[in-house]
Amino acid sequence: MNEKIKKEAIEWMKIIITALVFAFIITQFVRPTLVRGESMYPTLEENDYLIINRMAYKIGEPKQGDIIVFSTELLQEDGNPKDLVKRVIAVEGDHIKIEDSKVYVNDNLVNEPYIHNNYTDGNIDMVIPKDKLFAMGDNREKSLDSRYEDVGLVNEKDIMGKVMIRLFPFNHIGTID
């Protein structure tokens with residue numbers, strides 16, 4: 001009887017240790033995040049639960065159109081740093097110009113079928129420096145993003161990952177473009 005309990009305890013320990021190892025490995029590659037606010041509407045909505053790929057930019061580079069999560073120096077109401085979810089508009093070396101509510105990258109008008117109300121405020125004319133990128137929300141009227149000094153250009157080292165999957169709400173489960 002004592003031997004049976006001992007074998008059972010060892011089996012449970014193996015299961016628990018295996019689960020902990022898998023959990024550790026998974027958290028190194030993916031991270032959950034929750035959307036707060038309307039800055040990415042209509043692509044993402046308040047309380048969408050997302051999974052981000054933390055390895056995407058360790059093996060590749062951000063590109064125009066990617067939706068990313070990055071850390072900022074902005075603070076939440078509880079005093080913790082605020083992470084933002086935005087779309088990459090221009091990357092290192094690109095010339096971005098926002099004029100008359102239109103966005104141009106390298107003198108080409110950017111096709112943005114994902115934006116809300118087809119309106120982009122701001123007058124920007126700059127070349128994106130090394131290790132930086134320019135990111136904006138899809139709901140330009142309600143997005144604190146690279147157009148504003150509070151956020152500014154995103155340091156590539158501050159990118160936490162690329163948004164890959166929406167898990168909630170259940171009727172919108174799927175990959176994010």
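Let's start with F170. At 65% relative accessibility, F170 is exposed. On this scale, exposed means over 50% relative accessible area, buried means under 20%, and partly exposed lies in between, with a 1.4 Å probe and protein chains only. F168 is partly exposed, at a relative accessible area of 39%.

A word on the source: this is a predicted model, where local features need pLDDT of at least 70, side-chain atom pairs count only at pLDDT 80 or more, and totals for chains, interfaces and linings use all residues. Residues are numbered from 1 along each chain as its sequence is written, and side-chain values use heavy atoms, with hydrogens and water left out.

Back to the two phenylalanines. How many aromatic pairs does the structure hold? One. The ring centres of F168 and F170 lie 5.2 Å apart and the planes stand at 90 degrees, so this pair is edge-to-face. The cut-offs: rings of Phe, Tyr and Trp (its six-membered ring) pair if their centres lie within 6.5 Å; planes under 30 degrees apart are stacked, over 60 edge-to-face, the rest tilted.

One more ring. R87 lies over the face of Y114, 3.7 Å from the ring centre. For that label, NZ of Lys or CZ of Arg must be within 6 Å of the ring centre and within 35 degrees of the ring normal.

Now the whole chain. It has two helices and 12 strands. These are DSSP runs numbered from the N terminus: helices are H or I with at least four residues, strands are E with at least two. From the N terminus, the order is α-β-β-α-β-β-β-β-β-β-β-β-β-β. The radius of gyration is 21 Å, well over the 16 Å that the globule rule gives for 177 residues, so the chain is more spread out than a compact globule. That radius is taken over C-alpha atoms, and the rule is 2.2 Å times the number of residues to the power 0.38. Along its principal axes the C-alpha trace spans about 80 × 35 × 30 Å. Buried residues make up 34% of the 177.

Next, helix α1, residues 2–29, which contains K14. K14 is partly exposed, with a relative accessible area of 48%.

On to strand β11, residues 159–168. β11 runs antiparallel to β2, residues 49–53, with five bridges joining them. Strands count as paired if DSSP finds at least two bridges between them. I52 has V163 in β11 as its bridge partner. Strand β3, residues 67–75, also pairs with β11 in the antiparallel sense, over three bridges. There, F70 stands opposite I159. Then comes β12, residues 174–175, antiparallel to β11 over two bridges. I165 has T175 in β12 as its bridge partner. β11 and β12 form a hairpin, with five residues between them.

Last, the open sheet. Which strands make it up? Four of them, in the order β7-β6-β5-β8, with antiparallel pairing. β7 (108–109) and β8 (124–127) stand at the edges with a single partner strand each, so one side of each is left without a neighbour in the sheet. Two bridges join β6, residues 102–105, to β7. Y104 has L109 in β7 as its bridge partner.
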